Amino acid sequence: MHIVVCIKQVPDAAQVKIDPITNTLDRSSAPAILNPYDEHAVEAAIAIKKQFGGKVSVISMGPMMAKDIIKKCISMGADAGYLLSDRSFAGSDTLATSYILTMGIKKIMEADPVDLVLCGKQAVDGDTAQVGPGIARRLNFPVLTYVQKVESIEAGTIIVQRKMDNGYEIVSCPLPCLLTVEKDISELGYASLPEMIRAAKYDVITWGVNIIAADTTKMGLKGSPTSVRKIFAPEERVGGEPLEGDIKTVTGILVSKVMEKLS
Amino acid sequence: MNKYDVIIVGAGVAGLSAAYVLAKAGVNVVVLERGLNPGSKNVMGGVLYRQMMEELIPEFWKDAPLERPIVEQRFWLMGKDAVTSGGYKDLEWSKPPYNNFTVFRGKFDAWFASKCVEAGALIINETVAVECIVKEGKVVGVRTTRPDGDLYANVVILADGVNSLLARRLGFHKEWRPSQVALAIMEQIKLPALTIEERFNVASGQGVTIELYGDATLGMMGTAFIYTNKEHVSIGCGTLLSQLSQSKITPYDLLDRLKQHPLVEPLIKGGEAVEYYAHLIPEGGYHSVPKLVGNGVMIIGDAAQLVNGIHREGSNLAMTSGRLAAEAYLIAHRVGDFDERMLSPYAVAITESYVIKDLKKYKNATHIMEKNPAYFNTYLPAVNEAAKEFLSVDGRPKRSKQWLILKRFFGHRGWFRSLWEIIKLGRSMK
Amino acid sequence: MTVNIAQTCIGCGACVAECPYGAIDIGPESTAIVNPSVCVNCEQCIAVCPVQAISLPPELRHIVKDLEPDHHGSCNSSTDLPASSEAMADMTPTRDLVWVLAEHENNVLASVTLELIGAATDLARKLGSTVGVLLLGDNPECLISTLQDHGADKIYIVNHHVLANYRTEPFMQCVVKLVQKYSPDILLMGATTLGRDLAGAVATDLQTGLTADCTQLDIDIEKRILLASRPAFGGNIMATILCLDHKPQMASVRPRVMQALAPVSGRYCEVIYESIELSEESISKKVLQIVRDNIERVKLDEAKIIVAGGRGMREQNGFEMLKELANILGGVVGGSRGATESGCLEIKRQIGQTGQTVAPTIYFAFGISGAIQHVVGMQRSEVIIAINPDRNCAMMKMATYPIVGDAYTIIPELIKQFSQVMASRQQEGSHE
């Protein structure tokens, strides 16, 4: 069983700030982390490996700095880590990103066929949830999104729970396929010190555009159908004057305002 | 078994300096860092001294993420709405080899760590060391909170910062007293580079540091500082924890007050505060430097209280102590013996270096100033009054002004007492 | 293009009240005048005019005449419909360039669908076009009239038993084939579990741009392109995204953000049946079972009144009080991430970026400071009441009625007064 997990390095959302003057993002201060959904995907892949044997590879597209998150996955128990890094990748939107990652996965498949691809359900910096289904289409794998539990893998068929707004559905699908996963899919572990040392020593495999034999017209700003026209601060809602006075009066006013509104 | 030559606890500048020297020498060294990565938990006023860094990595400025080379150092003695200022500006400092730089520690330490990794050091992030493993009176390793978390080495170097849990557990030093530790707080104010250069009167890319005394810390013992970065101004203040808790003022209010000071406010006007840091700084000086060497263990940097409170230097002492500890290890490594006696050249080297000499020079100064609040709340304001008196043109002859100044200066606390206090402080710094 | 008003107008104002877009007013001559930049030719005014003074512009009129007798309002008969109306689509000057995917579960429409049609109507008007709706399912015809009443100008139906339970692949095949056949300019889906699953796959197959989770849509009229804006970085900023050279321009739109149109029964709408070859055998994915939560679903998104608490509520006890207040008002309890993280509130009641988006008539915010991540989930509330000791916090600044104070002293008083008012109201009710 060979599982590939697609991961992304994201700025810690809680610590991103916006420059009030230029309205641009000040990402410099926010530490870069492994996208939380992807972390659960990696942990889920390790759990499947523990049960069925096999191998877990992680793959990411990004700058050299993204080696950090790949090493983190190695410390979690992944066997191999690939970083797709090339100047021509910069500025890719979700369509181009799914193309590049697909070419990377195909390159991995040349040496070692893939049975299952896992992705986090979305990245917390973009929240698009588009790359996973995009890769599935390009690999011509069936896609199962919002997976919260793997029920079984038997005779080349995986059965999973897909989270719905008001419950879940149980779906079966033959392998190979692609899952995008919820955080419920796995409990995060705590890497042992020998695993941390193995990860620190691990040499991340980096591939540029030539190695994955990708078409440069399908990537970067040029290969991306979408482009950002502008970035602006969300409209702020301006409220009213504070209601002041003793509690009875203030609540009295409030109650009448509410009743007025509701009638 | 996880056995290394050296384990370094803490990837700040002290630990990284030691790691760099050791890795370069081909020693099998591992650094344990509790933060997400080196630099993520580090706070420093942001001045990096060129010479000590260059002793490690020649011409590092060509590669390292630096903010601005400092061309001018100013000193402000602050009154409520007055300031007596002095300073030194040297345009030689704007060119290689420079004097010092402002840096963002988050970026700088990450870069420094990458150099260590290139040199062959192993850095393990997000891993907390809780105690040294001691066998037969000898430190042989470190215990971390991770599963299978014991790690062994010939020598453990403790660079785990001011609160050095590991040094305390070994009994090398006790809990700091509040009078030995200062709380430094700092904010990064974002401003366009051009605005910074205009307001601080420097050419493009050049930087200024200002040290502020007196009203800047409400007369409490300590200093405030303003440093220019590329597109940020760092503003902060440090006061002894003991005085801060007596004054009942919160550190944040103190900083807010400083930012609103009529002489400071124009420098940072219109900027947005983007980061806020608070950090403890050891200020105990010479008297609180603990035992630096034991069997299989050395202590460096803040963990060894190596901070010069008077000159506000710390990172340079950290770098030097890291380098010296590493060099001491290399000698012991050749012999293959790592007991206290074999490592003691580190303690000797540091005592003979500027590090301990400087601390010794001021060994009583901090204490004297801390004991007697008059230095900060009486004499400093008096300097401002004196300057005002002397420089105000009001038709009175200068000689009578001088007399008045002396009378005021010493009159607050009585002639003999004042004279004694000044001499005492002067002697403590000689 | 806009409706014409003849001189026979008597200035009664019936059309003014009827117009869902506020496009008509009574002018200085005491007759109705139309604001052409707002009018969408929805024809609602035509129906209510007592003197038949309002008419469609001649260009639109003949199409209506041609088509209307055949299937105006038809809902279940497909016998006399053309299987394809490609030729007709080309003829039509107002081709439906803006498409919406109708989302439904077992033929129960998701509310986002009507919101999307509302948004699409606005976009279509700016393009001088109309709205097409894709309705895929197993006998979904019963939904036609609702879609039609809410603004669908054309409905494309694919009826197939394979489409009974949503699965990505067959739905994707249908959407891709229809898009390739009719080439709309814009395709909108809800940013729901289903919509987000489908949109990414469809966009990849069509090799076009997709903007996820939009909260604002507009048209650059000059370039005739979609301006899709979405919050990024936890709502700290908004980004406007374009898809310049690819069609259709796709966007998924966050539910509860756009406004559905008021229904107009008997609106004109064309229904087109499409047959697409699908077979169960060719779909490897099988839905084995659908499990509904037994726990009652928290209907925050539909609530008229939400009583929410944040980190400032500090303890469980406070949320018990909020529950009591919500019960009296017939509202639902929700909260910020601070509340769910402290364990005082179930995670499913969380409102905001990582929780639900709500738009109630009245939103009570007790001890919620108003972090942007929370605000993006509730800023469309009509009235916001904030109770907080810190008068300068974000929530207090945006609230319609900010009250400076501690929730624990104010809630008991609110409970007391509201229960009195509600009781007396009920009594009144029972007298009538």
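## Where the chains of this predicted model meet

Reader: Which element of chain A gives the largest share of the side that touches chain C?

Author: Several elements of chain A supply at least two residues each to that side, including helix 3 (94-111), helix 4 (131-139), strand 9 (143-154) and strand 14 (226-232). By class, the side of chain A that touches chain C has 32 nonpolar, 17 polar and 17 charged residues. The largest share is twelve residues, and it comes from helix 6 of chain A.

Reader: How much area do chain A and chain C bury between them?

Author: The contact takes 66 residues from chain A and 81 residues from chain C. In chain A, the residues that lose the most area to chain C are Arg137(A), Arg229(A) and Arg237(A), together 12% of what that side buries. Carbon and sulfur atoms carry 59% of the buried area, and the value for chain A and chain C is about 6,600 Å².

Reader: Let's turn to chain B. Which residue of chain A forms a salt bridge with Glu126(B)?

Author: Between chain B and chain A the count is one salt bridge, alongside three residue pairs in polar contact, both at pLDDT 80 or more. In the salt bridge of Glu126(B), the closest N and O atoms are 3.7 Å apart. Its partner is Lys72(A).

Reader: What area do chain B and chain A bury between them?

Author: Here 23 residues of chain B are in contact with 19 residues of chain A. Of the area buried by chain B and chain A, 65% is on carbon and sulfur atoms. The value is about 1,700 Å².

Reader: Is helix 1 of chain A largely enclosed by the rest of the structure, or exposed?

Author: Helix 1 covers residues 36-52 of chain A, and its end C-alpha atoms are 25 Å apart, which agrees with the 24 Å that its 17 residues should span at 1.5 Å a residue. After the helix comes Gly53(A), with a positive phi near 80°. Since 13 of the 17 residues of helix 1 of chain A are buried, the helix is largely enclosed.

Reader: Back in chain B, is Ile299(B) buried or exposed?

Author: Ile299(B) lies in strand 17 (residues 297-299) of chain B. Leaving out residues up to four places away in sequence, Ile299(B) touches several others, among them Leu158(B), Phe172(B) and Tyr346(B). Buried means under 20% relative accessible area, and Ile299(B) has 0% relative accessibility, so it counts as buried.

Reader: What share of the residues in chain C is buried?

Author: The secondary structure of chain C comes to 13 helices and 22 strands. Of its contacts with a separation of 6 or more, 64% are between residues 24 or more positions apart. Chain C has 432 residues, and the buried share is 57%.

Technical notes:
Residues are numbered from 1 along each chain as its sequence is written. Chains are lettered from A and ligands numbered from 1 in the order in which they are written. This is a predicted model: local features need pLDDT of at least 70, side-chain atom pairs count only at pLDDT 80 or more; totals for chains, interfaces and linings use all residues. Side-chain values use heavy atoms; hydrogens and water are left out. Contact means heavy atoms within 4.5 Å. Buried area is the accessible area (1.4 Å probe) that two parts lose on being put together, summed over both. A salt bridge is a side-chain nitrogen of Lys or Arg within 4 Å of a carboxyl oxygen of Asp or Glu. A polar contact is a pair of N or O atoms within 3.5 Å; within protein, one must be able to donate a hydrogen and the other to accept it, and residues adjacent in sequence count only if both atoms are side-chain atoms. Helices (H or I, at least four residues) and strands (E, at least two) are DSSP runs, numbered from the N terminus. The expected span of a helix is 1.5 Å times one less than its number of residues. Buried means under 20% relative accessible area, exposed over 50%, partly exposed in between (1.4 Å probe, protein chains only). Ala, Val, Leu, Ile, Met, Phe, Trp, Tyr, Cys and Pro count as nonpolar, Asp, Glu, Lys and Arg as charged, and the others, Gly among them, as polar.
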